[in-house]
Amino acid sequence: MSVLDFLDYQFMQFALLAASIVGLTAPLVGIFLVQRRLALLGDGIGHIALTGIGIAVLTGQAPIWGALVAALCGAILVEYLRAKSKIAGDTALSIIFYGGIAGGVLLTSIRTGSAGSTLSSYLFGSLTTVSQSDLIAVVLLGLGIAFTVAMFGRQLLAVSVDPEHAHVQGLRLNFLSGLIATLSAVTVTVGMRAVGLLLVSAIMIIPVVSAQQFAKSFRQTAIAGSIIGWVSAIIGLVFSYYIDVPPGSSIVLTALGIFTIIAILVFILNLIQRKKVTDGFA
Amino acid sequence: MLHEITLEINHGETVALLGANGSGKSTLLQALVDLIPLSSGLVKICAGHDSQSGIALVPQFAPPTSLIPLTVFELVSAGLTNRSSYWGASRLERKQVFEAIDSVGLSKQQRYKYSSLSGGQLRRALIARALVSQADLLLLDEPLAGLDRESVISVVILLKELKQAGYSMVVVSHELSDLDGLFTRVIELENRKIKYDGIPLDRHHQHTDQHHQHPNSDQAGIAI
C-alpha cells in the first residue's frame, strides 16, 4: 500500500486532471480581474451559473453546459450593467449574486424536492462526479482559455492597466472588457466540478495575490500564479481524498496556506534586506 | 466646450498650446485623440505614415499604480497595441521597445517596476510608450508639470532630440520659458477660443493680436 494509491482510481485521475486544468488556467484570467479591481466578478458569475445548473437539471441536460450558458449570460449582463447603466459595479454584481443563487435553488428544488444534496457537489466540488464527458468539456474549455489569453494577452493587459491609453491606441474597450468577463465565465465553468462554484473564484485570485508579493513583472506574476494555482489544486485534491472533505474547501485552504507562507517569507526577506541596508550605513 | 476652433498642424511642426487653466487646451488635446466626443466638427488625421493612428498621447499622469507589478518594459510595450498583431511581441517589436526605452535614457531601469521611477523618469517612460506606437505626431499634456529642475532639463533635452529626429509635436504647457527654442509655432487659447496663432515671439505674453499665416506644407499632419 502506498500513499499514491489514489492514482489507481479512474475518478481520481479525472479529478486530478480537471483540478490541474483549473489550477493552471484560473490565475491567468484572475490576474486581469485583480488588476481591474474586479476580484469578485468570478464569484458573482459562479452564483449565476447555479441557475444554469437548475435549468439543466430541470430539462435533463448536462449541467456543465447549462452552467456555461448561464455564466456567459451573467458575465455579459454584469459588463453591460457596469458600462451602460447608472448601477455601480458592485451593485450590479450583487444583483447577479442573489438572483443567481435563488434561481438555482428554486429550479433544482422543483425537480428533486430538495436542492441541498444536488447543489452541494456543484457549490463545493466533488471528487467522484467528474465524468468523462465533463473532463472532455473541461479540457476543451481550458485550452480555449489558454489560447485566448495567449492571443489577446497584450491587449488585455493594456486595457487593464491604462484604459485611457488603450482607447487612444484604438483598442476596442467594450470588446476587451467583455472578453475578460467571458473568460471569467468559462473559468468558473471549468472549475465547477473540481473546486465548486462558490470557491472557484478563490483559485482565480489567491494564487495571483500570492505571486504578486514576490514577482517582479506582470509576466512573472502570471507564470508564478499559474504554478501556485496548479500546486494548490493538486495538494488540495489529494487532501480531500484522504480526509474525505469536498475538494473545493481543501484546495482553497491550501492556496491560502501557500499565500500565508509566501507572505511570511517575503516579510522575513524584507527585514533581512533592510537590516543589511542599515548595517551598510553604520 | 470649445468654440469655432479651426487649425491645421502640418508635418514637422512643433506647436505649443498655451492658455490659462480652463482655457480649453487639455480639452482640445483630448478631443484630438477621441477621449472626448465631439458635439460637432471634425478631426482629420491625414495619411503619410504606416501606423493605424499616427498620433500618440503622452498624458500628464501615469496610470494609477498597478496592483500587479509592471515593469518599465511592460508599460512601454503597451505602445505596440495599435498594431493588429497578437500572440505577444515579436523579436522585432521587442527590439523596438528596447530602442525606445534606450532613446529616452531608461535602459538601466527597463526591468524596474514603473511605480519605482521618479517623476522625470516616468514622464520619459510615457514618451517611450508613445514612440513605440510609431506615431509621427506626439501630443504631450503638460510634460514638465510637477518635475524638479533636473528632470525638467532631462525632458526638455529629450523633446529637442525628438524634434531633431523629425517628430511633429503639440505640447500643452502653462509657459514657454523652459521650452525655449523647441517650438516652431505657438497657439494660445483664451475662453476656449484661439487667441493667438503664429510664430513664437520673444515676449509672447505681450498678447499681440498679430496673426501669422502658416505656409501649408504638402504633407498635412492633422486638421480640425
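This is a predicted model: local features need pLDDT of at least 70, side-chain atom pairs count only at pLDDT 80 or more; totals for chains, interfaces and linings use all residues.
Biologist: What makes B:Arg129 and A:Asp162 a salt bridge?

Modeller: The side chains of B:Arg129 and A:Asp162 meet at 3.0 Å, N to O. The rule asks for a side-chain nitrogen of Lys or Arg within 4 Å of a carboxyl oxygen of Asp or Glu, so a pair of Arg and Asp at 3.0 Å qualifies. The count between chain A and chain B is two salt bridges.

Biologist: How many residues are in contact between chain A and chain B?

Modeller: On chain A there are 28 residues in contact with 32 residues of chain B. The area buried between these two chains is about 2,700 Å², and carbon and sulfur atoms give 58% of that area. A:Arg154, A:Val168 and A:Gln169 supply 28% of the area that chain A buries against chain B, more than any other three residues.

Biologist: Which helices of chain A each supply at least two residues of the side that touches chain B?

Modeller: They are helix H1 (10-35), helix H6 (132-161), helix H7 (163-168), helix H9 (200-212) and helix H10 (218-243) of chain A. The largest share, nine residues, comes from H6(A). By class, the side of chain A that touches chain B divides into 14 nonpolar, eight polar and six charged residues. Between chain A and chain B, twelve residue pairs are in polar contact, both residues at pLDDT 80 or more.

Biologist: What does each domain of chain B give to the contact?

Modeller: Chain B is divided into domain 1 (1-54 + 135-224) and domain 2 (67-134). The contact takes 20 residues from domain 1 of chain B and 13 residues from domain 2 of chain B.

Biologist: How many salt bridges does the rule find across the interface of domain 1 and domain 2 of chain B?

Modeller: The rule finds zero salt bridges there. On the side of domain 1 of chain B that touches domain 2, strand E5 (137-141) and helix H5 (149-164) of chain B are the elements that give two or more residues. H5(B) provides the largest share, seven residues. That side has twelve nonpolar, five polar and three charged residues. The area buried between the domains is about 1,200 Å², of which carbon and sulfur atoms give 60%.

Biologist: Why does the pair A:Arg193 and A:Asp134 tie together parts that are apart in sequence?

Modeller: The side chains of A:Arg193 and A:Asp134 meet in a salt bridge at 2.8 Å, N to O. A:Arg193 lies in the loop between helix H8 (173-191) and H9 of chain A, whereas A:Asp134 lies in helix H6 of chain A, so the pair joins parts that are 59 residues apart in sequence. Over all chains, a search of the whole structure finds seven salt bridges.

Biologist: What ipTM and pTM does the predictor give the complex?

Modeller: The predictor gives the complex an ipTM of 0.85 and a pTM of 0.87.

Conventions:
Residues are numbered from 1 along each chain as its sequence is written. Chains are lettered from A and ligands numbered from 1 in the order in which they are written. Side-chain values use heavy atoms; hydrogens and water are left out. Contact means heavy atoms within 4.5 Å. Buried area is the accessible area (1.4 Å probe) that two parts lose on being put together, summed over both. A polar contact is a pair of N or O atoms within 3.5 Å; within protein, one must be able to donate a hydrogen and the other to accept it, and residues adjacent in sequence count only if both atoms are side-chain atoms. Helices (H or I, at least four residues) and strands (E, at least two) are DSSP runs, numbered from the N terminus. Ala, Val, Leu, Ile, Met, Phe, Trp, Tyr, Cys and Pro count as nonpolar, Asp, Glu, Lys and Arg as charged, and the others, Gly among them, as polar. Domain bounds come from an automatic or database domain assignment.
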